[in-house]
Amino acid sequence: MITEKDIKDTLKLSCLEISKEDMPRLKSDMEYILDFAQIVCEYDFDEDSQSEDEASVCRLREDKTEPSYPSQEMLSNAPLHKDGYIVLRKSE
């Protein structure tokens, strides 16, 4: 169970502020997230114990490299570029 102190500590560490009216909603959301995390922690990720449907969801695709656009072609579309990089204006 999450306490109001837990929420205030989390907000302080996150450099965030909320109103007192939003506190119950945030508490509920945080409890929901932690409950879900607990379910994930309890899941058996051993492929031998999974059904075919479960195993296919957890299977990741193999990483493959593919050719991309030539750097010079990409840079030619940028308004400013220097030494092979796009130059961005600093935001104010």
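What share of the contacts in the protein with a separation of 6 or more is accounted for by residues 24 or more positions apart? In this predicted model, where local features need pLDDT of at least 70, side-chain atom pairs count only at pLDDT 80 or more, and totals for chains, interfaces and linings use all residues, that share is 20%, a contact being defined by heavy atoms within 4.5 Å. Residues are numbered from 1 along each chain as its sequence is written, and side-chain values use heavy atoms, with hydrogens and water left out.

The protein contains four helices and two strands, arranged along the sequence as α-α-α-α-β-β; these elements are DSSP runs numbered from the N terminus (helices, H or I, at least four residues; strands, E, at least two). The mean pLDDT, the predictor's confidence in each residue on a scale from 0 to 100, is 84, and 82% of the residues score at least 70. Confidence is highest in helix α1 (residues 4-13), with a mean of 93, and lowest in helix α3 (residues 52-58), with a mean of 58.

The protein exposes about 9,200 Å², of which carbon and sulfur atoms supply 55%, as computed by the Shrake-Rupley method with a 1.4 Å probe. Residue I39, which lies in helix α2 (residues 23-42), counts as exposed because its relative accessibility is 54%.

Key: Buried < 20%, exposed > 50% of the residue type's maximum accessible area, 1.4 Å probe, protein only.
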